[in-house]
Amino acid sequence: MLNLILFGPPGAGKGTQSEKIIAKYNLIHLSTGDLLRSEIQAGTELGLQAKTLMDKGILVPDEVVIGMIDNKLKEHRSAAGFIFDGFPRTVKQAEALDNLLASYNEGISVMVALSVDDDELLARLLNRGKTSGRPDDQNEELIAKRIQEYNSKTKPVADYYQEQGKFVAINGIGEIDFIFEEISNAIEAA
Ligand code: B4P
C-alpha cells in the first residue's frame, strides 16, 4: 500500500497537487478540509461546530478529524493506498494516524511537504477567495490567522515524520506540472 501525506501551509497547493497524484497513482483522496466542508454543506451538527472555527481560521478539534479519517479508512479497506491531504495537522493527529494504520498492519510511506513563503500564500489565497466563496479565503487577517495556526500547531508534524526518516521537502513555488514531477520522484523513491 502507498500511503502518502501531502503537507504544507494553507494555500501551498495540496489540493491542486492531490488531484494529479490521485489520477496517476490511483489512491483514495482523504482531505479533511473537503470532508469538513461537506459536513457544513449537509448542515450536520459536526458541520455547524466546525464552521464556527474554520470561519475564524482555527483548527477544529483533533477528535473530530481523527474520527472522520477512521470512518473513511474503514470504508476503503481494499484501496491501493491513500493520500492524506491537510491531515495530520497536529502531532496528536499524527500519532492517531500511525495507530490507526498500524491496526491494519499499514503505515505512512512518505510525507511530501510543499514549501511556500508567506507572501505567496497570502496572494494565492486572496486570489482563490475571489472565486471560491470560501469564508476563510476572504481577508488578510483570517489568512494570517491560518498561517499562524500552521506555524504553531502544524509545523511540528514535519519533525515527527523527519524523525521517522519519511520526510521530503519540495519547493512549492513554480509551474504546477514541474512541482508534480518532483512529487512523483519522491513517491517513486519511497
Ligand atoms: P484545507 O481545506 O485543507 O485547505 P488549504 O490548506 O486552504 O489549501 P491547499 O493547500 O489545499 O491549497 P490549494 O491547492 O487549494 O483547510 C481549510 C480549513 O479546514 C483549515 O483552516 C482548518 O480550519 C480546517 N481543517 C482542515 N483539516 C484539518 C485538520 N486535519 N485538523 C483541524 N482542522 C482542519 O491552493 C491554493 C491556491 O493556490 C489555489 O487557488 C491554487 O489554484 C493556487 N496554486 C496551487 N499551486 C500553485 C502554484 N504552483 N503556483 C501558483 N498558484 C498555485
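Modeller: What follows starts with the pockets, moves to the nonpolar cores, and ends with a helix and some backbone details. Please keep in mind throughout that this is a predicted model.

The largest pocket has a volume of about 980 Å³. Its lining is made up of 47 residues, and those closest to the centre are Lys14, Arg89, Arg128, Arg134 and Arg146. Two or more lining residues come from each of β1 (2-7), α1 (14-25), β2 (28-31), α2 (32-42), α6 (118-132), α7 (140-154) and α9 (176-189). Sorted by class, the lining of the largest pocket holds 19 nonpolar, 16 polar and twelve charged residues.

The second largest pocket has a volume of about 200 Å³. It is lined by 17 residues, of which Pro9, Leu114, Ser115, Tyr150 and Lys155 are the closest to its centre. Here β4 (110-115), α6, α7 and β5 (167-171) each supply at least two lining residues, and the classes come to eleven nonpolar, three polar and three charged.

Turning to the packing, the largest nonpolar core has 30 residues, and the members that touch the most others are Ile5, Phe7, Ile69, Leu73, Phe84, Leu97 and Tyr161. The elements giving two or more residues to this core are β1, α2, α3 (45-54), α4 (62-75), β3 (81-85), α5 (91-102), β4 and α8 (156-163). Apart from this core lies another, of 22 residues, including Leu6, Ala12, Leu114 and Ile143.

Leaving aside residues up to four places away in sequence, Phe7 touches Lys14, Pro88, Met111, Val112, Ala113, Leu114, Tyr150, Thr154, Lys155, Val157 and Ala158. Among these partners, Lys14 is also one of the residues closest to the centre of the largest pocket, while Leu114, Tyr150 and Lys155 are among those closest to the centre of the second largest pocket. Thr154 belongs to helix α7, and Thr154 counts as buried because its relative accessible area of 3% falls under 20%.

Helix α5 can be read in a similar way. The twelve residues of α5 should span 16 Å at 1.5 Å a residue, and this agrees with the 16 Å between its end C-alpha atoms. The buried residues of α5 are Gln93, Ala94, Ala96, Leu97, Asp98, Leu100 and Leu101, and they pack against β1, α4, β3 and α8. Within α5, Ala96 has a relative accessibility of 16% and so counts as buried, the cut-off being under 20%.

Phe87 and Pro88 are joined by a cis peptide bond, with omega about 0°, and Pro88 sits in the loop between β3 and α5. Asn26, in the loop between α1 and β2, has a positive phi of about 60° and is exposed, with a relative accessible area of 59%. Asn105, in the loop between α5 and β4, has a positive phi of about 55° and is exposed, with a relative accessible area of 74%.

Methods
Residues are numbered from 1 along each chain as its sequence is written. This is a predicted model: local features need pLDDT of at least 70, side-chain atom pairs count only at pLDDT 80 or more; totals for chains, interfaces and linings use all residues. Side-chain values use heavy atoms; hydrogens and water are left out. On a 1 Å grid over the protein atoms alone, a cavity is a set of points where a 1.4 Å probe fits but cannot get out, and a pocket is an open set with protein on both sides within 12 Å along at least five of seven lines; lining residues have an atom within 4 Å of a point. Grid points are joined across faces, edges and corners, and a volume is the space filled by probe spheres set on the points. Helices (H or I, at least four residues) and strands (E, at least two) are DSSP runs, numbered from the N terminus. Ala, Val, Leu, Ile, Met, Phe, Trp, Tyr, Cys and Pro count as nonpolar, Asp, Glu, Lys and Arg as charged, and the others, Gly among them, as polar. A nonpolar core is a set of buried Ala, Val, Leu, Ile, Met, Phe, Trp, Tyr and Cys residues joined through side-chain atoms within 4.5 Å. Buried means under 20% relative accessible area, exposed over 50%, partly exposed in between (1.4 Å probe, protein chains only). Contact means heavy atoms within 4.5 Å. The expected span of a helix is 1.5 Å times one less than its number of residues.
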